[in-house]
Amino acid sequence: MTKQERLACALARPLSAGYVTHTGHVMTAGECASYNRYTTEAARPHISDDAREFLLNQRHEFFVRISGGDHV
């Protein structure tokens with residue numbers, strides 16, 4: 001599956017409030033909205049590969065930090 005296909009799947013099934021992360025953190029509506037916004041922006045068709053990678057890295061860092069992970 002390509003990166004674009006994975007992003008399309010993520011857009012089709014956005015995270016919603018109550019999602020439980022691997023650490024047991026229950027995500028709020030605001031946290032889910034922020035995470036989903038990273039996905040939406042990364043999926044835009046006319047951005048550069050570098051910009052897409054940056055957004056996906058930022059999305060990952062955001063997820064780890066709100067989950068209570070100790071390393072990014």
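Modeller: We begin with a term: helices are DSSP runs of at least four residues, numbered from the N terminus. The model before us is predicted. In it, helix H2 covers 29-42 and helix H3 covers 49-67, and each gives at least two residues to the lining of the largest pocket.

Biologist: Which helix supplies the largest share of that lining?

Modeller: H3 does, with four residues.

Biologist: What is the volume of the largest pocket, and which residues line it?

Modeller: Its volume is about 160 Å³. A residue counts as lining when it has an atom within 4 Å of a pocket point. Here the lining consists of Ala10, Arg13, Pro14, Leu15, Tyr19, Tyr35, Asn36, Thr39, Leu56, Arg59, His60 and Phe63.

Biologist: How does this lining divide by residue class?

Modeller: Seven of the lining residues are nonpolar, three are polar and two are charged.

Biologist: Let us turn to the helix packing. At what angle do H1 and H2 pack?

Modeller: Helix H1, residues 3-12, packs with H2 at about 140°, and their axes lie 10 Å apart. Angles over 145 degrees would count as roughly antiparallel. H1 is therefore oblique to H2. The crossing of H1 past H2 is left-handed.

Biologist: Which residues make the contact?

Modeller: From H1 come Gln4, Leu7, Ala10 and Leu11, and from H2 come Thr39, Thr40 and Ala42. By class, this contact has four nonpolar and three polar residues, with no charged ones.

Conventions:
Residues numbered from 1 in each chain as written. Predicted model: local features only at pLDDT ≥ 70, side-chain atom pairs only at ≥ 80, totals over all residues. Heavy atoms only, no water. 1 Å grid on protein atoms, 1.4 Å probe; cavity = no way out; pocket = protein on both sides within 12 Å on 5 of 7 lines; lining within 4 Å. Points joined across faces, edges and corners; volume = space filled by probe spheres on them. Nonpolar A, V, L, I, M, F, W, Y, C, P; charged D, E, K, R; others polar. Axes fitted to C-alpha atoms, helices over the stretch in contact; angles between N-to-C directions. Parallel < 35°, antiparallel > 145°, perpendicular 65-115°, else oblique. Left-handed = near helix turned anticlockwise from the far one by under 90°. Contact = heavy atoms within 4.5 Å.
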